[in-house]
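Try each task before reading its solution.

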Amino acid sequence: NGEEPLARYQHSTIFIGTLMIVLGGRTNTVGENVLMEVYETENSEWKKFNSIQRFRHTIWSTDYQTIYMHGGFENETPNIPTNSIMKLDLVAHVKGNAQLMQKLENAF
């Protein structure tokens with residue numbers, strides 16, 4: 001249900017409660033903006049949100065509010081790896097969607 005997910009590679013995926021969050025990656029179109037996609041496992045729906053543009057990175061979370069992204073490559077400099085850590089405020093991204101907010105809060 002909902003929009004189909006974007007075909008991508010060199011991305012990261014993390015589960016927070018019943019939500020599967022897919023961040024970053026690349027497509028076969030150079031420089032394409034790759035959105036954060038959230039899959040709701042309970043109703044099989046995909047939602048799309050703006051996110052950090054990075055590929056070949058790692059992500060982790062210590063709570064339901066924040067995802068950290070480390071390393072990888074950025075679209076502007078795809079041949080130079082980065083060692084920076086980016087912080088993504090998950091609540092700020094999904095706050096307009098009451099259903100996702102409730103699922104995040106239920107996760108912890």
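**Exercise 1. Find the accessible surface of the protein chain and the share that belongs to carbon and sulfur atoms.**

Solution. The accessible surface comes to about 6,100 Å². Carbon and sulfur atoms hold 48% of it. Areas come from the Shrake-Rupley method with a 1.4 Å probe; for residues, only the protein chains shown count as cover.

Two notes on the source. This is a predicted model, in which local features need pLDDT of at least 70 and side-chain atom pairs count only at pLDDT 80 or more, while totals for chains, interfaces and linings use all residues. Residues are numbered from 1 along each chain as its sequence is written, and side-chain values use heavy atoms, with hydrogens and water left out.

**Exercise 2. Describe the fold pattern and judge how compact the protein chain is.**

Solution. Start with the elements: the protein chain has 2 helices and 9 strands. Helices (H or I, at least four residues) and strands (E, at least two) are DSSP runs, numbered from the N terminus. Next, read along the sequence: the pattern is β-β-β-β-β-β-β-β-β-α-α. The radius of gyration, taken over C-alpha atoms, is 14 Å, close to the 13 Å that the globule rule gives for 108 residues, so the chain is as compact as a globular protein of that length. That rule is 2.2 Å times the number of residues to the power 0.38.

**Exercise 3. Which residues of helix α2 are buried, and where do they lie around its axis?**

Solution. Buried means under 20% relative accessible area, exposed over 50%, partly exposed in between (1.4 Å probe, protein chains only). In α2, residues 98-107, the buried ones are Leu100, Met101, Lys103 and Leu104. Seen down the axis, they fall within an arc of 165°, so they line one face of the helix. The arc is that of the directions from the helix axis to the C-beta atoms. Ala98 and Asn106 are exposed, on the face turned away from the buried side. The buried residues pack against β1, β2, β3, β4 and α1.

**Exercise 4. Is Lys103 buried or exposed, and what does Lys103 contact?**

Solution. Lys103 has a relative accessible area of 12%, so Lys103 is buried. Contact means heavy atoms within 4.5 Å. Leaving aside neighbours within four places in sequence, Lys103 contacts Thr18, Leu19, Glu40 and Glu42.
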